[in-house]
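Subject: Structure for you to look at

Hello,

Here is the structure I said I would pass on. My notes on it follow below.

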There are 2 protein chains.
Amino acid sequence: MTTDALSRVFAALADPTRCDMVARLAEGDATVSQLAEPYRMTLQAVYKHLRVLEDAGLVSRPRGPQPRPVRLEVQALDLMDTWIERHRDRVERRNRRLDAVLAEMNGDEHEQDHGDGHRSRPEAAGHPDDS
Amino acid sequence: MTTDALSRVFAALADPTRCDMVARLAEGDATVSQLAEPYRMTLQAVYKHLRVLEDAGLVSRPRGPQPRPVRLEVQALDLMDTWIERHRDRVERRNRRLDAVLAEMNGDEHEQDHGDGHRSRPEAAGHPDDS
DNA sequence: AGTCCTTTCAACCATTGAGTTGAAAGGGGA
DNA sequence: TCCCCTTTCAACTCAATGGTTGAAAGGACT
């Protein structure tokens, strides 16, 4: 159900070209020719990719006059984001609980490193910009 | 580069079964038989899915004694999350700028609705639990 | 040793998906 | 009107993927 729409969005981003398209559309709308320009690929192929993105709801294109701009739809990103964040939080809550138990078992002197030490997440590290 | 690793993670989640596996692993580690149980699918098929998840870095499995538990790796989730959030923020910054310009053009009386009205994001709505 | 369960490899089949070529509609603008 | 550019449909090739069956290692337990 929910899973189906979700995995369609994931599938839409499963291709590097489409990933790149989305990244570029985040900078601003673009016509198809503009979008297609960097890729060594037929225009028709780009349209196909576009259709996949559109079917997944990641992108919309007003059917109006000829040069139809392509626009990124943010809701699809939100869909993934809430899903990811939900599961990430579950894992981390569980890990905190686990660490607490371990610490208690050790007479709370120093935490036992069982595998990787459960640090909290980097909280959106400040990467410069590599699209 | 980055894009390649990213789209591999996305590709790993492009399948509903794998999506579900990850969701279930967020609740806790599991052996392969436990993981495979709900699906009408050969055990070998489940192993294949597991390998995809592992190659994408979403999951790790200690090579040790026999019943090897499968563990969710949170860093892969972080990878997607920062990517999504970065692009989402760009779009929203751009939209805010656009709205400002439109409002000014209208003599800042009431904002013009050009398409969908650029509301801010739902900020992780409190869905109960539908995996 | 032998037995049982778990894990993995290999070959095969059917379906999907990315990309191509070719051709056909759709709309401006001279 | 005719021309050009944009958009889309259709059919084809080729590689990748989800699934199967069959068999083989790897450890654990008697």
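For the notes on residue classes, Ala, Val, Leu, Ile, Met, Phe, Trp, Tyr, Cys and Pro count as nonpolar, Asp, Glu, Lys and Arg as charged, and the others, Gly among them, as polar. Please keep in mind that this is a predicted model.

DNA strand C

By those classes, the surface near DNA strand C consists of eight nonpolar, nine polar and three charged residues. The elements that supply two or more residues here are helix H4 (43–55) of chain A, and helix H3 (32–36) and helix H4 (43–55) of chain B. H4(A) gives the most, with five residues.

DNA strand D

Around DNA strand D there are 20 residues, of which Val32(A), Arg68(A), Thr42(B), Ala45(B) and Pro65(B) come nearest. Two or more residues each come from helix H3 (32–36) and H4 of chain A and from H4 of chain B. The largest share, five residues, is that of H4(B). The surface near DNA strand D has eight nonpolar, nine polar and three charged residues.

The two protein chains

How are chains A and B placed relative to each other?

As for the interface, 38 residues of chain A are in contact with 38 residues of chain B. On the chain A side, helix H1 (2–12), helix H2 (16–25) and helix H5 (74–105) are the elements that give two or more residues. H5(A) provides the largest share of that side, 14 residues. The side of chain A that touches chain B has 19 nonpolar, six polar and 13 charged residues. Since 100% of the interface residues of chain A are also interface residues in chain B, the copies meet through the same surface.

Helix H2 of chain B

In H2(B), residues 16–25, the buried residues are Arg18(B), Cys19(B), Met21(B), Val22(B) and Leu25(B). Seen down the axis of H2(B), these buried residues fall within an arc of 160 degrees, so they line one face of the helix.

Regards

Note on methods: Residues are numbered from 1 along each chain as its sequence is written. Chains are lettered from A and ligands numbered from 1 in the order in which they are written. This is a predicted model: local features need pLDDT of at least 70, side-chain atom pairs count only at pLDDT 80 or more; totals for chains, interfaces and linings use all residues. Helices (H or I, at least four residues) and strands (E, at least two) are DSSP runs, numbered from the N terminus. A residue is buried if 20 or more other C-beta atoms lie within 10 Å of its own, exposed if 12 or fewer, and partly exposed in between; C-beta atoms are placed from the backbone. The arc is that of the directions from the helix axis to the C-beta atoms. Two residues are in contact if their C-beta atoms, placed from the backbone, lie within 7 Å. A residue is near a molecule or strand if its C-beta atom, placed from the backbone, lies within 6 Å of it.
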